[in-house]
Amino acid sequence: MVIGFDRVAGTGRAITAVDPRTGENLDPEYRYGDQSDVERACALAEEAFDAYRATSAEQRAAFLESIAAKLDALSGVLVERAAAETGLPVVRLTGEVGRTTGQLRLFAGDLRDGEPFTSVDPAGEGGPEIRQGRVPLGPVVVFGASNFPFAFSVAGGDTASALAAGCPVVVKAHDAHPGTCELVGAAVSEAVREAGLPEGVFSMLYGDGPTLGIALVTDPRVRAVGFTGSRKAGLAIARAAAGRPVPIPVYAEMSSVNPVFLLPDALAARAGELAEGFAGSVTLGAGQFCTNPGLVFAVRGADLDAFLDAAAKAIEADPGAPMLTPGIARAYADGVARLDRHPDVEIIARGREPDAAAGCRAALAAVDAAHFGPDLQEEVFGACSLVVRCDDLDQVIAVARGLEGQLTATIHGAGDDAARLLPVVERLAGRIVWDGWPTGVRVGHAMVHGGPYPATSDARTTSVGSLAIERFQRPIAHQGTPR
């Protein structure tokens, strides 16, 4: 573990990473931390807060750029270890390192471009000058995600935005890639030291969620939480944070099935093309994206039949891929089996059996809208999607009104049908994709990676893009304060 400037071996349960391609355990062994490690990391973060929040925007920008440079220099080593721990392709992981360092540099640029006070009411007959700005909340706990070992992990978007906001960070590393976490955590700690910052600006612990994770969330020195993961874990964290004597905000990205709406004009014009793009999005990365298109809605007829035939052929040709962990692979298989047992659901295509120990065999299913209920909205994390056949556009819109909150919603089509559907979809999701596919989240100023509950615990913000900084700050007004 990394606690301040110290490398610390835990005394709790021993874990090792598992290569999902072979099922082999990977050295070295890591051990969970305990309450004393939580106490020390949080105490150091609290001690560091006042000094760190007092740093200038330029100092924090240079610090973020230093982390980015260190990760770029380590890219080859990081990708090699992450590939062994996750089974993800080298090309994908190399790009993810670039995305991670790009996020750090984006926030650095925003710090340099930002104004210390965002609004000013000048002095006059109404009274003295009032200047509005933002101040950091305090120490932040970040939970690393399984499916993005860089971009949503130790130095990912939650950590980068909290550090940019002026908040020390304590990361709970993810068990799926502990070696990758160690390498990245050491690089961040080194950047803290080289920048002359207090050691408590960054720490990283290993531990399970129900004990060490909840201990971090309920530590009175912690002022906010960033989380990416399952709904069950996210809600447990939110409950713990709300039950504190002083509740704190939790920015949890949880589950999403990212519905796709194929309107009649699009199906009539390009059913085969749509099927190809859909299958590629479903199977990308073994479907282990939070924006995987898990539901499709369309009006029944010959054009939908053509789409399903082409999509089934593409799914059947998919060779499969290793999933992140054996546990995730088992959960995926259970989810597909649950669909298969449903009396009204038809499994219309399965991909090839993968040769990986923790492999994912793609699946495509279909159901009539009359039989589509809340039980079929549950996310199957992996390369699986359910097509819902509707009688007409009115039924499409009616079903859409009953969907849970989502990270994304995709519309293929135009004209009056799209105009009718759009207001419903805007209430449903944080990002609307037109004539594209939801997998892939661009890091930029306009991006919103969030959405209504239960996609996230707070739909008013985003975990990707420059707006993410504001999660870890609060507004403050200075009235009559000397300049």
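This note goes through the domains, their interface, the salt bridges and some backbone features.

1. **Basis.** The model is predicted: local features need pLDDT of at least 70, side-chain atom pairs count only at pLDDT 80 or more, and totals for chains, interfaces and linings use all residues. Residues are numbered from 1 along each chain as its sequence is written, and side-chain values use heavy atoms, with hydrogens and water left out.

2. **Annotation.** An unreviewed UniProt entry carries the annotation "domain: Aldehyde dehydrogenase" for residues 12-437. UniProt positions follow the numbering used here, feature names are shortened, and annotations may be inferred rather than shown by experiment. The span is 46% helix and 21% strand, and its end C-alpha atoms lie 43 Å apart. Helices (H or I, at least four residues) and strands (E, at least two) are DSSP runs, numbered from the N terminus.

3. **Two domains.** Domain 1 takes residues 2-254 + 456-479; domain 2 takes 259-434. These bounds come from an automatic or database domain assignment. The C-alpha centres of the two domains lie 33 Å apart. Domain 1 gives 17 residues to the contact and domain 2 gives 16; contact means heavy atoms within 4.5 Å.

4. **Buried area.** The size of an interface is often given as the accessible area lost when the parts come together. Domain 1 and domain 2 bury about 1,200 Å² between them, with 63% of it on carbon and sulfur atoms. Buried area is the accessible area (1.4 Å probe) that two parts lose on being put together, summed over both. On the domain 1 side, Pro20, Asn147 and Glu253 lose the most area to domain 2, together 34% of what that side buries.

5. **Salt bridge between domains.** Domain 1 and domain 2 share 1 salt bridge. A salt bridge is a side-chain nitrogen of Lys or Arg within 4 Å of a carboxyl oxygen of Asp or Glu. Arg231 forms one with Glu404, and their closest N and O atoms are 2.8 Å apart. On the side of domain 1 that touches domain 2, the residues divide into 5 nonpolar, 7 polar and 5 charged. Ala, Val, Leu, Ile, Met, Phe, Trp, Tyr, Cys and Pro count as nonpolar, Asp, Glu, Lys and Arg as charged, and the others, Gly among them, as polar.

6. **Salt bridges overall.** The whole structure has 24 salt bridges. One of them joins Arg112 and Glu58 at 2.8 Å, N to O. Arg112 sits in helix α4 (residues 90-113) and Glu58 in helix α2 (residues 57-73), 54 residues apart.

7. **Backbone.** Most residues other than glycine have a negative phi, and most peptide bonds are trans. The bond from Asp27 to Pro28 is cis, with omega near 0°. Pro28 is in strand β4 (residues 25-31). Tyr453 and Pro454 are also joined by a cis peptide bond, with omega about 5°. Pro454 lies in the loop between β20 (429-434) and β21 (473-479). Asn258 has a positive phi, near 50°, and lies in the loop between β11 (250-253) and β12 (260-262).
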